[in-house]
Every structure is written in structure tokens, then in C-alpha cells.
Amino acid sequence: NTMNTTIHIQNLKCGGCANTITKNLAQLEDITEVTVNVEESTVSFAYPTEEKLMEVKEKLKTLGYPEDGEANSLGSKAKSYVSCAIGKMS
């Protein structure tokens with residue numbers, strides 16, 4: 001039984017960022033229907049369990065896109081630039 005959610009994230013600037021996020025979340029098991037909205041800084045996806053939801057949030061933080069309301073450290077910002085650059089190249 002899958003649930004859908006939309007998370008507001010920080011540092012989402014462009015299609016390059018969106019590409020990186022979409023690609024990385026698609027690699028997670030049981031995560032489907034990944035949609036990134038750059039204008040609204042949101043990521044939507046379907047997930048089966050709370051554990052999976054946490055996994056996605058951790059993954060986003062690792063990529064440099066912490067959930068809105070979480071501390072946005074300089075490290076996160078730096079990682080988001082890297083993710084953005086990688087997304088633009090692919």
C-alpha cells in the first residue's frame with residue numbers, strides 16, 4: 001500500500017538539480033512516481049513505509065537538499081552545487 005507525499009526542500013535551483021534528485025531517488029528501492037518541481041522547490045514521490053520516507057529524506061540531505069525547516073549548513077549548499085553540476089552534465 002503506497003502513500004504519496006510532497007516534501008519542500010532547500011537549494012533546489014534548476015533542472016540540473018532536479019535531474020540529480022530524480023535519478024538518485026529512482027535508484028532507491030520501492031520509491032516510485034518521483035516528480036521534482038523546481039518552481040515550488042518540491043519533490044513528490046510514492047513510498048510504502050515510514051522507513052522509506054526517512055531514507056528519501058536522508059538521501060536528499062546527502063545530495064545537498066535538506067528538507068525545508070531543517071538546518072541548511074554550508075556543507076549542504078556546497079553539495080547542492082555539485083549535484084547541480086552533475087545533473088547539468090548528464
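**A serine and its helix**

Modeller: Let's start with serine 76, which, if you skip its neighbours within four places in sequence, is in contact with Asn11, Gly64 and Pro66 (contact means heavy atoms within 4.5 Å). Keep in mind that this is a predicted model, where local features need pLDDT of at least 70 and side-chain atom pairs count only at pLDDT 80 or more, while totals for chains, interfaces and linings use all residues. Residues are numbered from 1 along each chain as its sequence is written, and side-chain values use heavy atoms, leaving out hydrogens and water.

Serine 76 sits in helix α3 (helices are DSSP runs of H or I with at least four residues, strands are E runs of at least two, and both are numbered from the N terminus). Its relative accessibility is 6%, so serine 76 counts as buried (buried is under 20% relative accessible area, exposed is over 50%, and partly exposed is in between, using a 1.4 Å probe and protein chains only).

Helix α3 covers residues 74–89 and helix α1 covers residues 15–26; their axes come within 7 Å and cross at roughly 90 degrees (axes are lines fitted to C-alpha atoms, for helices over the stretch in contact, and angles run from 0 to 180 degrees between N-to-C directions). On the α1 side the contact uses Gly16, Cys17, Asn19 and Thr20, and on the α3 side it uses Ser83, Cys84, Ile86, Gly87 and Lys88. Sorted by class, this contact has 3 nonpolar, 5 polar and 1 charged residues (nonpolar is Ala, Val, Leu, Ile, Met, Phe, Trp, Tyr, Cys and Pro; charged is Asp, Glu, Lys and Arg; the others, Gly among them, are polar).

Helix α2 packs on α3 too, at an angle of about 90 degrees with the axes 7 Å apart. These two helices are therefore roughly perpendicular to each other. Lys61, Thr62 and Leu63 of α2 meet Lys79, Ser80 and Ser83 of α3, and by class that contact has 1 nonpolar, 3 polar and 2 charged residues. Notice Ser83: it is listed in the α3 contact with α1 and in the α3 contact with α2.

Helix α1 lies across β2 and β3, running at about 165 degrees to β2. Helix α2, residues 50–63, lies across β1 and β3 and runs at about 150 degrees to β3. Glutamate 50 is found in α2 and is partly exposed, with a relative accessible area of 44%. Glutamate 50 and methionine 3 are 47 residues apart in sequence, and their C-alpha atoms are 9.5 Å apart in space.

The sheet itself is open, with 3 strands in the order β1-β3-β2 and antiparallel pairing (two strands pair if DSSP finds at least two bridges between them). Its edge strands are β1 (3–8) and β2, each pairing on one side only, and the twist averages 15 degrees from one strand to the next. Strand β2 (residues 32–37) pairs with strand β3 (residues 42–47) over 4 bridges. Across that pair, valine 36 stands opposite valine 43 and asparagine 37 opposite threonine 42. The two strands make a hairpin with 4 residues between them, and serine 41 in the turn has a positive phi of about 55 degrees. Aspartate 30, in the loop between α1 and β2, also has a positive phi, near 70 degrees, in a residue other than glycine. It is partly exposed, with a relative accessible area of 44%.

Stepping back, the protein chain has 3 helices and 3 strands, running β-α-β-β-α-α from the N terminus on. Its radius of gyration is 12 Å, close to the 12 Å that the globule rule gives for 90 residues, so the chain is as compact as a globular protein of that length (the radius is taken over C-alpha atoms, and the rule is 2.2 Å times the number of residues to the power 0.38). The C-alpha trace spans about 35 × 30 × 20 Å along its principal axes. Buried residues, serine 76 among them, make up 39% of the 90 residues. Of the contacts with a separation of 6 or more, 62% come from residues 24 or more positions apart.

Notes
Parallel < 35°, antiparallel > 145°, perpendicular 65-115°, else oblique.
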